[in-house]
Amino acid sequence: QEQLVESGGGSVQAGGSLRLSCVDTGPTFRSYCMGWFRQSPGKEREGVAALYVGNGNALYAYSVKGRFTISRDNAAKTLFLQMDNLKPEDSAMYYCAAVDCRYEFTPPRASFTPRGNRWGQGTQVNVFS
């Protein structure tokens, strides 16, 4: 069954870095727009970073801008999230998913609106002070 598989989470001290990966096991990147989301206990899921795969146009949540970088390897069908200068409030389960593309913009860009219901199992990030 085609699925999204996240990895790379772990426990790290505040100020440290982690690099998350999301592999699409389908034949191609099924969506031109992909994103990373996170959810911690008692909180709603929030968009963290999103990418228009076709042109590399990236969108970031204000809370992570300047610290996180989203990228992709199209040939490997892999989406990455480089997380630097991590803070305890970044602790959460991180998921990748396809998201809606915004074609009304030039160039097109991604959004934080999940597309469909195709989610991976997530990867846990714990940041301790």
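## Salt bridges

Asp90 and Arg38 form a salt bridge, with their closest N and O atoms 2.9 Å apart; the term denotes a side-chain nitrogen of Lys or Arg within 4 Å of a carboxyl oxygen of Asp or Glu. This pair links distant parts of the chain, since Asp90 lies in the loop between β8 and β9 and Arg38 in strand β4, 52 residues apart. Strands (E, at least two residues) are DSSP runs numbered from the N terminus. Asp90 is buried at a relative accessible area of 0%, and Arg38 is buried at 6% (buried: under 20% relative accessible area; exposed: over 50%; partly exposed: in between; 1.4 Å probe, protein chains only). Salt bridges with shared partners join Arg38, Glu46, Arg67 and Asp90 into one network.

The count of salt bridges comes to 6. One of them connects Arg118 and Asp24 at 2.6 Å, N to O. Arg118 belongs to strand β10 and Asp24 to strand β3, so this contact ties together parts 94 residues apart in sequence. Arg118 is buried at 19% relative accessibility, as is Asp24 at 1%.

## Basis of the model

The model is predicted: local features need pLDDT of at least 70, side-chain atom pairs count only at pLDDT 80 or more, and totals for chains, interfaces and linings use all residues. Residues are numbered from 1 along each chain as its sequence is written, and side-chain values use heavy atoms, with hydrogens and water left out.

## Aromatic pairs

The whole structure contains 4 aromatic pairs (Phe, Tyr or Trp rings, the six-membered ring for Trp, with centres within 6.5 Å; planes under 30 degrees apart are stacked, over 60 edge-to-face, the rest tilted). The rings of Tyr32 and Tyr52 have centres 5.7 Å apart and planes at 75°, so their arrangement is edge-to-face. Tyr32 sits in the loop between β3 (18-24) and β4 (33-39), and Tyr52 in strand β5 (residues 46-52). Ring pairs link Tyr32, Tyr52 and Tyr103 into a cluster.

Strands β3 and β8 (residues 78-83) pair over 6 bridges.

Arg19 stands opposite Gln82 in β8. Arg19 also lies over the face of Phe80, 3.9 Å from the ring centre (criterion: NZ of Lys or CZ of Arg within 6 Å of the ring centre and within 35 degrees of the ring normal).

Definitions and conventions. Helix = DSSP H or I, 4+ residues; strand = E, 2+ residues; numbered from the N terminus. Pairing = 2+ DSSP bridges.
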